Every structure is written in C-alpha cells, then in structure tokens.
Amino acid sequence: MRKLYEKSEITFAIVWIVVYCILLSLANPLNKIIGTEYSASAVLCILQTVILFIFIRKNSLWKRYGLCKSSAPARRFLYYVPLFILATGNLWNGIAVNYSLSGTVCRIICMLCVGFIEEVIFRGFLFKAMAKDNLKFAIIISSVTFGVGHLVNLFNGSGMDLVSNLCQICFAIAVGFLFVTIFYRGGSLLLCIITHSAINTFSTFANEVGFTVEKHIICVLVMTVLTVAYTLILTKTLPENQCANAIDKVDK
C-alpha cells in the first residue's frame with residue numbers, strides 16, 4: 001500500500017473507494033447466506049477499519065488526515081448543536097427495534113466503522129490528494145463523489161427504493177460539503193467521523209411506521225437546508241485553512 005500511496009495519492013484514494021464499494025456490495029448477499037443481518041458487513045468493515053488505522057499509524061499520517069483535535073474553539077462551531085441535530089435526524093419519527101439482537105449489534109458495529117472508513121477515504125485520502133492542485137475542485141469532487149457513491153445502495157441488494165436512494169444521495173452531497181468544510185477549515189476529521197457514525201448508527205433505530213414518502217422527502221429537505229445553512233455559517237466562523245496550516249507545520 002505504501003508504494004501505491006507514494007506513487008499517486010489520487011490513485012490510492014480511488015482504489016480504496018472502489019474496493020470499499022465492492023466489499024459493501026458483496027456483503028449483502030453474504031449476510032443473507034449467513035442468516036444474520038449485517039454479520040458479513042460488520043466483519044468486512046472492521047477489517048477495512050483496522051487496515052486503514054494501521055496504515056495511518058504506521059506512516060504517522062494522523063495530522064495530515066485530521067485525526068486530531070481541532071484548534072478552533074467550540075463556539076466557532078456553534079457549540080456543535082447543528083451537528084447534534086443532524087446526528088439525531090433519523091429518530092425524528094420515533095424509535096423502533098428493527099433487527100434481532102445479533103443483527104442490531106452487527107449493524108451498530110458496521111455503521112460505526114462506515115463513519116470512519118468513508119471519512120478517511122473521501123475527506124481524507126481523496127480530498128487531500130486533489131487539494132494540492134485545485135482546492136475548489138477537490139471540495140466539489142470529494143463531496144459529490146461521496147453523495148453519488150450512495151447510488152450503489154440501489155443495486156447492491158440492500159432493498160432501498162429509488163425515492164429513498166435519491167433523498168439519501170442529495171443529503172449525502174450536502175453533508176459532504178459540510179464535512180469537508182469542517183476538515184479544511186477546522187483542521188480535524190474527528191468531528192466528521194463522530195457525526196457520520198452517529199447518523200448511521202441512529203438509523204438502526206429509526207421508526208419507519210407511518211413514515212410516508214412525503215414525510216421522508218420533507219425530512220430530507222429540512223435536514224439538507226440545515227446542513228447547507230450550517231456549512232455557510234462555518235465558512236464565516238472558522239479560519240480559512242487550518243488543515244493546511246497543521247500539515248505545513250508537521251512537514252517543516
């Protein structure tokens with residue numbers, strides 16, 4: 001992995017994204033064969049998380065990929081209140097037990113790992129690789145790619161319908177811009193990982209009873225508007241380039 005990373009960070013990021021999407025797609029039929037929801041998904045996600053963690057640790061890439069505390073004070077993030085609202089959005093229609101005990105545990109493990117994996121490969125590897133040449137292009141591509149990547153849920157046997165998938169993609173693109181703003185201006189990816197993992201994990205207990213298509217669209221619209229508004233606010237309250245500054249200090 002190190003040789004590929006040193007040769008081309010962009011290629012390294014793309015390879016990781018492709019591998020992640022393939023493994024995520026293969027996991028669904030394996031889950032059905034095993035007979036426990038998210039069992040194979042959890043194992044494959046844990047494996048990828050461990051590999052990523054070891055690679056970053058071995059090569060001392062903590063600060064480069066924002067796995068450190070932000071230097072910006074909490075008040076500049078509005079004390080993280082908008083992030084809390086976004087994280088709990090899946091519970092707005094109530095709480096429900098949707099899986100067996102073993103399935104719930106496997107899904108929670110999977111969702112926690114997905115938050116780490118996706119933030120590292122999209123906001124970390126992909127964004128940082130492209131930002132060296134064109135910052136605006138890097139912000140757009142890493143955010144849009146992250147959102148459109150959720151299209152795989154329509155074909156990987158997850159059972160997601162078209163409307164739900166389109167809503168997910170739109171919200172994910174908005175979240176992508178928010179998270180890359182937090183990383184680029186706040187200098188830390190930890191907030192993104194925690195929020196992303198929370199959004200995923202709370203979806204495990206989302207109550208789908210009476211949650212019509214209309215309600216789903218309205219909910220996604222409200223969440224997207226909140227995300228966009230918060231992103232714009234952070235562009236005013238956070239320093240311009242904490243991420244780059246932190247990396248420059250390490251490189252020097």
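Colleague: Which residues have the most contacts inside the largest nonpolar core?

Modeller: In this predicted model, the residues with the most contacts inside that core are Leu52, Phe77, Ile117, Ile121, Phe125, Leu178 and Ile182. The core itself has 56 residues.

Colleague: Which helices each supply at least two residues of this core?

Modeller: They are α2 (9-34), α3 (39-58), α4 (81-87), α5, α6, α7 (162-186), α8 (190-202) and α9 (213-237). The largest share, 15 residues, comes from α5.

Colleague: What makes a set of residues a nonpolar core?

Modeller: The members must be buried and of a nonpolar type such as Leu, Ile or Phe, and they must be joined through side-chain atoms within 4.5 Å. Leu178 is one of the residues with the most contacts inside the core. Apart from neighbours within four places in sequence, Leu178 is in contact with Leu83, Leu86, Thr227, Tyr230, Thr231 and Leu234.

Colleague: Why are α2 and α5 called roughly antiparallel to each other?

Modeller: The angle at which α2 and α5 pack is about 155°. The label applies to angles over 145 degrees, and α2 and α5 are therefore roughly antiparallel. Their axes are 8 Å apart, and α2 passes α5 in a left-handed crossing.

Colleague: Which residues of α2 and α5 meet?

Modeller: From α2 there are Glu9, Ile10, Phe12, Ala13, Trp16, Ile17 and Tyr20. From α5 there are Val114, Ile117, Glu118, Ile121, Phe122, Phe125, Leu126, Ala129 and Met130. By class, the contact has 14 nonpolar, no polar and two charged residues.

Colleague: How do you know that α5 and α6 are roughly antiparallel to each other?

Modeller: Helix α5 (residues 101-131) and helix α6 (residues 135-148) pack at about 155°, with their axes 8 Å apart. The cut-off is over 145 degrees, so α5 and α6 count as roughly antiparallel. The crossing in which α5 passes α6 is right-handed.

Colleague: Which residues of α5 and α6 meet?

Modeller: Glu118, Phe122, Arg123, Leu126, Phe127, Met130 and Ala131 of α5 meet Leu135, Phe137, Ala138, Ile139, Ile141, Ser142, Thr145 and Phe146 of α6. The classes are 11 nonpolar, two polar and two charged residues.

Colleague: At what angle do α2 and α3 pack?

Modeller: The angle is about 155°, and the axes of α2 and α3 are 6 Å apart. With the cut-off at over 145 degrees, α2 is therefore roughly antiparallel to α3. The crossing of α2 past α3 is right-handed. The contact is made by Phe12, Trp16, Tyr20, Leu23, Leu24, Ala27, Leu30, Asn31 and Ile34 of α2, and by Ser39, Ala40, Ser41, Leu44, Cys45, Gln48, Ile51, Leu52 and Phe55 of α3.

Colleague: Why is Asn207 called buried?

Modeller: Buried means under 20% relative accessible area, and Asn207 has 18%, so Asn207 is buried. Asn207 is in the loop between α8 and α9. Leaving out residues up to four places away in sequence, Asn207 touches Asn93, Gly94, Ile95 and Ala96.

Colleague: What makes Tyr99 partly exposed?

Modeller: Tyr99 has 23% relative accessibility. Buried needs under 20% and exposed over 50%, so Tyr99 counts as partly exposed. The loop between α4 and α5 holds Tyr99. Not counting residues up to four places away in sequence, Tyr99 touches Glu37, Tyr38, Thr104, Arg107 and Thr204. Tyr99 and Leu52 are 47 residues apart along the chain, and their C-alpha atoms are separated by 29 Å.

Colleague: Why is Tyr38 called partly exposed?

Modeller: The relative accessible area of Tyr38 is 22%. Tyr38 lies in the loop between α2 and α3.

Colleague: What is the phi of Tyr38?

Modeller: Most residues other than glycine have a negative phi. Tyr38 is not a glycine, yet has a positive phi of about 65°. Tyr79, also not a glycine, has a positive phi of about 55°.

Colleague: How do you know that Tyr79 counts as exposed?

Modeller: Exposed means over 50%, and Tyr79 is at 57% relative accessibility, so Tyr79 counts as exposed. Tyr79 is in the loop between α3 and α4.

Definitions and conventions. Residues are numbered from 1 along each chain as its sequence is written. This is a predicted model: local features need pLDDT of at least 70, side-chain atom pairs count only at pLDDT 80 or more; totals for chains, interfaces and linings use all residues. Side-chain values use heavy atoms; hydrogens and water are left out. Axes are lines fitted to C-alpha atoms, for helices over the stretch in contact, and angles run from 0 to 180 degrees between N-to-C directions. Helices (H or I, at least four residues) and strands (E, at least two) are DSSP runs, numbered from the N terminus. Angles under 35 degrees count as roughly parallel, over 145 as roughly antiparallel, 65 to 115 as roughly perpendicular and the rest as oblique. A crossing is left-handed if the near helix is turned anticlockwise from the far one by less than a right angle, and right-handed if clockwise. Contact means heavy atoms within 4.5 Å. Ala, Val, Leu, Ile, Met, Phe, Trp, Tyr, Cys and Pro count as nonpolar, Asp, Glu, Lys and Arg as charged, and the others, Gly among them, as polar. Buried means under 20% relative accessible area, exposed over 50%, partly exposed in between (1.4 Å probe, protein chains only).
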